[in-house]
There are 8 protein chains.
Amino acid sequence: MIWSVYLSGEIHSNWRQEVEQGAEALGLAVQFSAPVTDHAASDDCGVAILGAEDDKFWHDHKGAQMNAIRTRTLIEAADIVVVRFGEKYKQWNAAFDAGYAAARNKPIIVMHGDDHQHALKEVDAAALAVAQTPAQVVQILKYVIAGKLA
Amino acid sequence: MIWSVYLSGEIHSNWRQEVEQGAEALGLAVQFSAPVTDHAASDDCGVAILGAEDDKFWHDHKGAQMNAIRTRTLIEAADIVVVRFGEKYKQWNAAFDAGYAAARNKPIIVMHGDDHQHALKEVDAAALAVAQTPAQVVQILKYVIAGKLA
Amino acid sequence: MIWSVYLSGEIHSNWRQEVEQGAEALGLAVQFSAPVTDHAASDDCGVAILGAEDDKFWHDHKGAQMNAIRTRTLIEAADIVVVRFGEKYKQWNAAFDAGYAAARNKPIIVMHGDDHQHALKEVDAAALAVAQTPAQVVQILKYVIAGKLA
Amino acid sequence: MIWSVYLSGEIHSNWRQEVEQGAEALGLAVQFSAPVTDHAASDDCGVAILGAEDDKFWHDHKGAQMNAIRTRTLIEAADIVVVRFGEKYKQWNAAFDAGYAAARNKPIIVMHGDDHQHALKEVDAAALAVAQTPAQVVQILKYVIAGKLA
Amino acid sequence: MIWSVYLSGEIHSNWRQEVEQGAEALGLAVQFSAPVTDHAASDDCGVAILGAEDDKFWHDHKGAQMNAIRTRTLIEAADIVVVRFGEKYKQWNAAFDAGYAAARNKPIIVMHGDDHQHALKEVDAAALAVAQTPAQVVQILKYVIAGKLA
Amino acid sequence: MIWSVYLSGEIHSNWRQEVEQGAEALGLAVQFSAPVTDHAASDDCGVAILGAEDDKFWHDHKGAQMNAIRTRTLIEAADIVVVRFGEKYKQWNAAFDAGYAAARNKPIIVMHGDDHQHALKEVDAAALAVAQTPAQVVQILKYVIAGKLA
Amino acid sequence: MIWSVYLSGEIHSNWRQEVEQGAEALGLAVQFSAPVTDHAASDDCGVAILGAEDDKFWHDHKGAQMNAIRTRTLIEAADIVVVRFGEKYKQWNAAFDAGYAAARNKPIIVMHGDDHQHALKEVDAAALAVAQTPAQVVQILKYVIAGKLA
Amino acid sequence: MIWSVYLSGEIHSNWRQEVEQGAEALGLAVQFSAPVTDHAASDDCGVAILGAEDDKFWHDHKGAQMNAIRTRTLIEAADIVVVRFGEKYKQWNAAFDAGYAAARNKPIIVMHGDDHQHALKEVDAAALAVAQTPAQVVQILKYVIAGKLA
C-alpha cells in the first residue's frame with residue numbers, strides 16, 4: 001500500500017520539501033499532494049482562465065472555487081492530512097481544511113509553533129498528532145507507515 | 001418543519017442575540033444553537049470538571065475536546081450553519097467549523113466585514129451566502145424559511 | 001409517520017395547490033414543501049438582501065445560491081420528491097433537482113405531458129412513477145401513504 | 001494520481017475531442033470518460049439488445065436505463081464532472097447529471113454560452129467553475145491537476 | 001423513543017395483526033409499518049393510477065415501482081425490519097427486502113418455519129434473530145424495546 | 001478503467017462461463033467475480049473448517065456466514081451486479097443479493113425466463129436491465145463498457 | 001433539542017442511576033438509554049425466547065445477537081455515548097461499543113478508574129472526555145447540554 | 001483482485017506469521033496489514049517523537065493517538081478484519097477494533113480459545129466466523145479468496 005498524504009497550509013516556507021525529502025530519504029511508501037503553492041497563481045487562477053472581474057470579491061471567489069476543485073479532491077483521496085500553520089497571515093484556509101478533513105474522518109497531523117498553541121486548541125483537539133517541525137512529521141510518517149520508531 | 005440553525009464563531013459581540021431577536025420578531029420557525037459563549041467557561045471547562053493540568057497544552061486540549069462534544073453534535077443536527085468572523089483573534093475554530101460543515105454538506109452562511117474578504121476567500125467559496133450584518137442573516141433566514149423576501 | 005413531500009419544478013401553474021388540496025381533502029398524513037415560487041423574489045433574493053451586482057451572472061449566482069439553502073435542505077428532508085416539468089422555459093433546475101434527489105436515494109415522481117416524453121427519458125428512468133396530472137400524483141400519494149387504491 | 005474526468009452533456013459537437021486533445025497535448029495525468037455519444041445507439045440500445053417495444057415510452061425507458069448503467073458508474077468513479085450545455089435540445093439529462101454529481105460531492109465544471117446564463121443559474125451555482133470554451137476547460141484541468149497556470 | 005418496526009413479507013396470513021396486537025397488549029413503545037397487504041391493489045396500483053399496459057411486464061413494473069415508493073421509504077425509516085416467509089409463493093420480494101435492510105444496517109428478525117430453513121440460510125445469516133411464530137417476535141420486541149424478558 | 005462485474009445467483013447451469021467467454025471474445029475491459037459455485041463446498045465450508053455442528057441450523061449458519069465474507073466483499077467491490085434466477089430452487093439468496101446491491105446503489109442486471117416474470121417484479125423494478133440470456137448480458141456489457149451497440 | 005445519551009458498559013454497580021438522577025436534579029434536556037442491565041436476562045434472552053441450545057456457544061450467540069438489536073439501535077440513535085469500565089470482568093462488550101461508536105462519529109465519554117488507565121489507552125484516545133466518577137459525567141452533560149460550568 | 005486483510009489484536013505470539021506464511025504457501029491473492037507489533041515502540045512512539053510527558057495518562061494518550069493514525073487507516077483499507085484475543089492482558093484495543101470494523105461493515109473473523117468464549121460473545125456475535133487457530137484462519141482465507149475448500 002502506497003500511503004497518500006496531503007500537505008495543507010502554509011505556502012511561504014519550504015516545509016513541504018523538508019517533509020518530502022525526509023520521507024524519500026527513508027524510502028517510505030508514500031506519495032504527497034498539496035494545494036498549488038504558487039501564491040500569485042493561486043490568487044489569480046480564476047480570472048486568468050475564466051475572465052477578469054471588476055469586483056475583488058468575485059475575483060477571489062473565482063480563484064478560490066477553482067482551487068477547491070484541486071484541494072477537495074486531494075483531501076478526499078488522502079489517507080493522512082497534515083496541516084501546517086506558519087507565522088504569518090490569517091491562514092483560515094488551513095483551519096478550514098482541518099475541519100473538512102476531520103468531518104471526513106481523515107487522520108490529521110497538525111504542525112505549528114508554541115505561539116499558536118492556545119489559538120489552535122480546537123484544531124489540535126481534532127488531530128491525532130501535534131508536531132512542531134517537519135522532522136517530527138517525517139518521523140511520524142516513518143512510524144505510521146513503516147512501523148519503525150528509530 | 002422547525003429549522004435548526006447553528007451560530008458559529010465570534011463570541012465577543014452580541015451578534016447572536018441580534019439574529020435571534022430578529023428571527024423571533026418575524027416569528028420564523030427556527031431554533032438556534034451555539035457553542036458555549038462564556039469565554040472563561042469555554043477555556044476552563046476541561047480542567048474544572050476533570051482535574052487540573054500543569055501543562056497549558058493539555059489544559060487547553062481537555063477543554064477543546066469537551067467543547068467538541070457540544071459543537072460537533074449541534075453542527076450535525078443543524079440545517080444551516082452560520083459562521084461569524086469578528087475583528088479580533090485568530091478565530092481558527094470558526095474556520096474549522098466552516099470546513100467541518102462544508103464536508104457534512106451543511107448550507108453555510110458566512111458573516112464578516114470587508115477587511116477580511118481576501119483572507120476568507122476559501123471559506124466564502126464554500127458558502128451559499130456571504131453577509132456582513134446580523135440583519136442580513138435574519139433576512140436570509142426569513143427568505144429561506146418563510147419564503148418571503150420583504 | 002407524517003410523510004414529507006417536496007414539490008420541485010414548474011412555478012407558473014397552480015399544480016402545487018391542486019396536489020396539496022387533493023391530499024388535504026383525503027386527509028393524508030403528509031406535509032408539503034417547495035422552492036420559493038414567487039418568480040421575481042426567487043430571481044432577485046440574492047441582490048435584494050446582500051447588495052446589487054453590476055454583472056448579471058453574479059446577480060443570478062447570488063440568488064441561485066441563496067435559493068439552494070432552501071431547496072437542498074428541503075430535498076434532504078423529504079421522503080418523496082415530485083418533479084413537475086411544464087410547457088415553458090428550459091427548467092434545468094427541475095432536472096438538476098431530479099438528479100440531486102436520485103443521488104440521495106429519494107423516491108422520485110416525475111410529472112409532465114406527452115410532448116416532453118422523449119426529452120425526459122433519462123429523468124423518467126430515475127423515477128419510480130411518471131404521472132401526467134396533479135390528480136394522479138394525489139392518487140399515488142394516497143396509495144403510498146394510506147395504502148388505499150380507491 | 002491519474003485524475004478521472006467525466007464529460008457529460010452535449011453530444012452534437014466535438015467539444016470532447018477538443019478537451020481530450022488539449023489535455024493530451026499538455027501531457028496531463030488524466031483519463032476521460034463519457035456517455036455513449038452515438039445518438040442512435042444511445043436511443044435504441046435498450047430495444048436492440050432486450051427486444052422491441054410498441055410503446056415509445058418503454059422503448060425510451062429501456063434505453064435510458066441501460067445508459068444509466070454506464071453513466072452512473074462513470075460519474076461515481078470520476079474525480080471531476082464537466083457538464084456541457086450546447087445550443088440545441090432540452091438537455092435535461094445534462095442537468096440531471098449535474099444534480100447527481102452535486103449530491104455526490106463531485107467538483108463540477110459547467111460549460112455553456114452566454115445565452116444560457118440565466119436559465120442555468122441553479123446549475124452554475126452548484127459548480128466550482130463556469131467555462132465557455134473547451135480551451136478553458138483544458139486550462140482548468142492543467143491548473144487543477146498539474147498546478148501550473150500558464 | 002418510539003421504535004419503528006417494518007413488517008415485510010407474507011401477506012396471506014394474519015401474522016401482522018398477531019404481532020401488532022401482541023405488542024399493543026404489552027403497551028410497547030412501537031409503531032408498525034408494512035407494505036400494502038391488499039394483494040390485488042398491490043398488483044394493479046400502477047396501471048390503475050397511471051394507465052393500462054398491454055404488456056404484462058410493464059403492468060407489473062409500474063405496480064412494483066409504485067410499491068417501492070412506499071416500501072423503501074418505510075424500510076429506511078425503520079429501526080427494526082421483520083421479514084416473514086410463509087408457505088406459498090416465491091416470496092422473492094421478502095428476500096429482496098432482507099438484503100436491502102441488511103445493506104442499510106437495519107437489525108433484521110426473520111420469521112419462517114423449519115421447512116424453509118436450508119433455503120433461507122443466507123437470509124438467516126444476515127439476521128440478528130430467527131423466529132418461527134408471531135408470539136416469539138412479540139417477545140423479542142418486548143425484550144429489545146422494554147428490556148423485560150418475562 | 002477495468003469494470004468489475006459480480007455474477008450472483010444460479011449455480012447449476014453454465015451461464016457464468018457463457019458471459020465470461022462472451023466478454024473475453026469481445027476483449028471487454030472487465031473482470032468477473034462470483035460466489036463459490038461448488039454447491040457442496042458452499043454448503044459445508046463452515047463446518048469443514050470450523051468444526052461440525054449437530055444442529056442443521058447451525059451447520060448452515062456457519063457456512064452461510066462464511067460465504068458472506070466473500071459475497072459481500074465482492075458485491076461492494078463491483079461496478080455492476082448481475083443476478084440470475086434459474087428454473088429450480090427457492091433462490092432466496094439471489095433475491096437477497098439483489099436487495100443488498102440495490103441498497104448499495106449498484107447498477108443491477110437481472111436475468112430470468114418469462115415464467116418468473118410476475119414473481120420477480122419487485123426485483124426487476126430495482127434493475128436497470130432485465131435480460132433473458134447470457135448473450136444479452138454480454139451485449140449489455142459490450143454496450144455499457146465499450147460503448148458499442150453492434 | 002432533547003439530547004440522547006447511551007450509557008454503555010458495566011452493569012454491576014449503580015452508576016447509571018447516579019448519572020440519571022444527577023441529570024434529573026439539574027433538569028437537563030436529556031434522555032438516557034442503556035443495554036438490558038439484568039445480567040441473567042441478558043445472558044439467556046436468546047434461548048428463553050427462541051429455544052434452548054445444547055452448545056454454550058450458540059446459547060450465548062443467540063443472546064448476544066438479540067441484545068445487539070437493542071444496543072446497536074440505541075447507539076445509532078444516541079448523540080453521546082458514555083462507556084463505563086468497572087473493576088471486574090473482561091468487559092469486551094464495552095470496548096466493542098466504544099469502537100462502534102467511534103466509527104459512527106459519536107462523541108464518546110469514557111469512565112474508569114486509574115488502575116485501568118494504561119490498558120484503556122486506545123479507548124481513551126478515541127474519547128472526547130475521560131472521567132472517573134458519575135458526578136463528573138453529570139457535570140460534563142450539564143456543561144455540554146446546558147452550557148453552564150457551575 | 002488482491003484482498004486486504006488486517007490482523008488486529010494480540011501481539012505476544014507469532015499468530016500473524018503463521019497466518020501470513022500459510023497464505024503465502026497457498027499463493028493466495030492477499031496482502032496483510034497490522035498494527036505496530038513492537039510493544040515498546042507502540043507504547044512510547046508518541047513521546048519518543050513529540051516529546052516527553054510527566055503524566056502517564058498523556059504519555060499513553062500521545063502514543064495511542066499516533067498508533068490510531070496507522071490502525072484506523074489500515075482498517076478502513078481492509079476487506080477483512082481478523083481479531084485475535086490471546087491469553088493475557090485486557091486486550092480492550094482488540095475489542096475496540098472489532099467494534100470499529102463492525103460499524104464500518106467490514107467482515108470480521110474472530111480468533112480466540114474456548115476459555116474466552118462467554119466473555120467474547122458480543123464480539124463473536126458481530127463476526128462472520130469464529131476460529132481458534134491460525135490454520136483455520138488460513139483455510140477461511142483460502143475458501144473466501146480462492147473459492148477452494150480443500
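Predicted model: local features only at pLDDT ≥ 70, side-chain atom pairs only at ≥ 80, totals over all residues.
A salt bridge is here a side-chain nitrogen of Lys or Arg within 4 Å of a carboxyl oxygen of Asp or Glu.

**Salt bridge between chains A and B**

- The side chains of Lys121(A) and Asp43(B) are joined by a salt bridge, with a distance of 3.2 Å from N to O.
- This pair crosses between chains, since Lys121(A) lies in helix α5 (residues 121–125) of chain A, while Asp43(B) lies in helix α2 (residues 39–50) of chain B.
- Lys121(A) has a relative accessibility of 8% and therefore counts as buried, and Asp43(B), with a relative accessible area of 14%, is buried as well.

- In chain F, the side chains of Glu122(F) and Lys121(F) meet in a salt bridge at 3.3 Å, taken from N to O.
- Glu122(F) is buried because its relative accessible area is 19%, a value that falls under the 20% limit for that class; Lys121(F), at 8% relative accessibility, also counts as buried.
- In chain H, Glu122(H) forms a salt bridge with Lys121(H), and the closest N and O atoms of this pair are 3.3 Å apart.
- Glu122(H) and Lys121(H) are both buried.
- Salt bridges with shared partners also link Asp43(A), Lys121(B) and Glu122(B) into one network.

**Negative surface patch**

- Four residues, Asp54(A), Asp55(A), Asp54(C) and Asp55(C), form a negative surface patch, with members drawn from chain A and from chain C.
- One of these residues, Asp54(C), sits in the loop of chain C that runs between α2 (39–50) and α3 (56–77).
- Asp54(C) has a relative accessibility of 84% and so counts as exposed, the class for residues over 50%.

**Loop residue Glu10(H)**

- Glu10(H) belongs to the loop of chain H between β1 (3–9) and α1 (15–25), and with a relative accessible area of 14% this residue is buried.
- Although Glu10(H) and Val83(H) are 73 residues apart along the chain, their C-alpha atoms are separated by 8.1 Å.

- Tyr89(A) has a positive phi of about 70 degrees although it is not a glycine, and it is placed in the loop between β3 (80–84) and α4 (92–103) of chain A.
- Tyr89(H), likewise a residue other than glycine, has a positive phi near 70 degrees, and it is found in the loop between β3 (80–84) and α4 (92–103) of chain H.

Notes
Residues numbered from 1 in each chain as written. Chains lettered and ligands numbered in written order. Heavy atoms only, no water. Patch = residues over 30% accessible without salt bridge, like charges linked within 9 Å, V, L, I, M, F, W, Y side chains within 5 Å. Areas by Shrake-Rupley, 256 points an atom, 1.4 Å probe, with all protein chains shown as cover. Lys, Arg positive; Asp, Glu negative; His and termini not counted. Charge placed at Lys NZ, Arg CZ, Asp CG, Glu CD. Helix = DSSP H or I, 4+ residues; strand = E, 2+ residues; numbered from the N terminus. Buried < 20%, exposed > 50% of the residue type's maximum accessible area, 1.4 Å probe, protein only.
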